[in-house]
Amino acid sequence: MHTRTLLALSLLGLAPHAFAATDEWPTRAHFDDGIELGVKGNFQYDTNQFSTDHFDDATTWRRQVVTLYGAKKGVFNADVGYDFQSNAWQDVFLGATTGIGNFRLGEFKTPVGMEDGATSASATTFLETSLAGQAVYEGRRLGLEWKYTGLSRWAFQLAYFGRHDLNDAASGNTAAARAVFNPVNEGNEVIHLGLSASREARDDRTARVRARPEVNLTTIRLVDTGTLTGVDRIERAGLEAAWLHGPWLAQAEYLTLDAHRNIGSNYRSDGYYVSGSWLLTGESRRYRNNAFGDPTPARDWGALEFALRYSAVDLDDGVVRGGEQHDWTLGVNWYLPKGFKLQANYIRAWSDRRGVSVDPEIFALRAQLAF
C-alpha cells in the first residue's frame, strides 16, 4: 500500500506541470525548456498450457509495470518504475549526459546478456528470454554506470553495483563491462557484435543456476543446480551477435557462468541460443541503445512477424548435476497500433536431469499494452 501511495502522489506532483505543457498528457508532456515528463506502462497478460502433468496450466498477469519518468535531451533522464504484479521495484535511476559520456545512478539491469540486460521486456521477440539468459543473467542491482558512445561505431559500458537492491535482495557487489561494435549501422541495415563480462561477490557466499522452460507462469525449473555453497565469486561472460536486414533479424548469444568455490570444486555452466525473425509485412525493427525494439506498424491493422529460436543450456559439471535442456520455440507476433501486441509461442522442450527426462510441449499466449 505504501508503494502505491508513493506512485499516486508522484503522479499528482507531475500533474500541475502537465497542464502548463503543450501536448500529450496523460502519457507524456513537453515543455518549452525541453523537459519531458510522463508515464510509461507495460501490461502483459499470459496464458501457459502444458502437455504434461508435471506443470499446471495458468492464466494471469505476467507484468503490470508503471514507470514515471522525466528527461531533457542531452542533459538528464530519470525513471521510477514499479511492477504491481510482482510487487517489486524496477528501473529506478537518475542519469546525466556529460562531455565524457552518460552516467546513471540507481537500480537498473546488469549488462551481461543482450536479451536480458539490454532489451526492453516489452520488446522481446518471444514471450520469455532463452534458457541461457535465464541461467546466467544476474538481474537488476543498485549501482553506478558509465556509457560512452563518442567513438564511431563503438559503445562502451562500465558499471559497479553494491549491497542490496531496492527489493532488499542480492546483497553483495558486482563489477561489469560491455562493449558493442557496429561495423554497419545504417537505418534498416545493422550488424551488432558485443562482448560482456562481470564478477560478483555475494555476501551469503552462495550461487544457484536454473531456468524456467521459456515461459514464466510456473515455478518449476527442469534444470537447477540447487544452492552451491562456499562460493568466493561468480564470473559471467557473454558473446552476442545480430544482423538486421530490412524485415529480417538474426540474433545469437553464448553465455557462461563460473562459480569459484572454497568448498568443493569450482563450477562452470554455459548455454546459447540462435534465433531468427521475419516481418512479412515489410517493416523493420528499431535499433537504439545497442538493442532491438519493436517495429512500428505501417498499416492500420498492424504488422505480422514469424520467429524461430533454438536454445540450450548445460548445468552439469562434476558432482553438480543441474541437468541439460534444449528448446525449440516457434513464435507469431501481431503488432497493433497504440502499443498493443499479441504473441503466440509453441515451445518443444527436452530436458535430462540426473537420469530423469521431462519433455513438455508448451502453448503460450500474451496480450500486451506498452506505452
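Modeller: Glu138, Arg141, Glu200, Arg202, Asp204 and Arg236 are joined in a network of salt bridges. Side chains of opposite charge can pair when their charged atoms come close. The model is a predicted one, and with a cut-off of 4 Å between a side-chain nitrogen of Lys or Arg and a carboxyl oxygen of Asp or Glu, the count comes to 25 salt bridges.

Among these pairs is the one between Asp46 and Arg366, whose closest N and O atoms are 2.8 Å apart. This pair links distant parts of the chain, with Asp46 in strand β2 (residues 35–50) and Arg366 in strand β22 (residues 361–370), 320 residues apart. Asp46 has a relative accessible area of 2%, so it counts as buried. The value for Arg366 is also 2%, so Arg366 is buried too.

Lys341 and Asp294 form another salt bridge, with 3.2 Å between the closest N and O atoms. Here again distant parts of the chain are linked: Lys341 belongs to strand β20 (residues 340–353), while Asp294 is in the loop between β17 (291–293) and β18 (303–317), 47 residues away. Both Lys341 and Asp294 are buried.

The salt bridge of Arg321 with Asp316 has an N to O distance of 3.5 Å. Arg321 is described as partly exposed because its relative accessible area is 36%. Asp316, at 16%, falls under the 20% limit and is therefore buried.

A charged residue can also be covered without such a partner, and Glu107 is the case to look at. Glu107 belongs to strand β6 (residues 101–109). Glu107 is buried yet has no salt bridge. The nearest side chain of opposite charge is that of Arg140, 5.3 Å away, and a salt bridge needs a nitrogen and an oxygen within 4 Å. What the side chain of Glu107 does reach is the backbone nitrogen of Leu166, at 2.7 Å. Leaving aside neighbours within four places in sequence, Glu107 has contacts that include Trp89, Gln90, Asp91, Val92 and Phe93. Arg140, Arg141 and Leu142 are also in contact with Glu107, as are Asp165, Leu166 and Asn167.

Gly162 is in contact with Leu142, Gly172 and Asn173 once its neighbours within four places in sequence are set aside. Gly162 is placed in strand β8 (residues 154–162), and its relative accessible area of 21% is why it counts as partly exposed. From Gly162 to Asn345, 183 residues apart along the chain, the C-alpha atoms are separated by 37 Å.

Lys73 lies in the loop between β3 (58–72) and β4 (76–83). Its relative accessibility is 83%, so Lys73 is classed as exposed. The C-alpha atom of Lys73 is 52 Å from that of Gly264, 191 residues apart along the chain.

The surface also has a nonpolar patch, of about 450 Å², made by Leu195, Leu239, Tyr254, Tyr272 and Val274. Leu195 is found in strand β10 (residues 189–202).

Key: Residues numbered from 1 in each chain as written. Predicted model: local features only at pLDDT ≥ 70, side-chain atom pairs only at ≥ 80, totals over all residues. Heavy atoms only, no water. Helix = DSSP H or I, 4+ residues; strand = E, 2+ residues; numbered from the N terminus. Buried < 20%, exposed > 50% of the residue type's maximum accessible area, 1.4 Å probe, protein only. Lys, Arg positive; Asp, Glu negative; His and termini not counted. Polar contact = N/O pair within 3.5 Å; in protein donor to acceptor, adjacent residues only side chain to side chain. Contact = heavy atoms within 4.5 Å. Patch = residues over 30% accessible without salt bridge, like charges linked within 9 Å, V, L, I, M, F, W, Y side chains within 5 Å. Areas by Shrake-Rupley, 256 points an atom, 1.4 Å probe, with all protein chains shown as cover.
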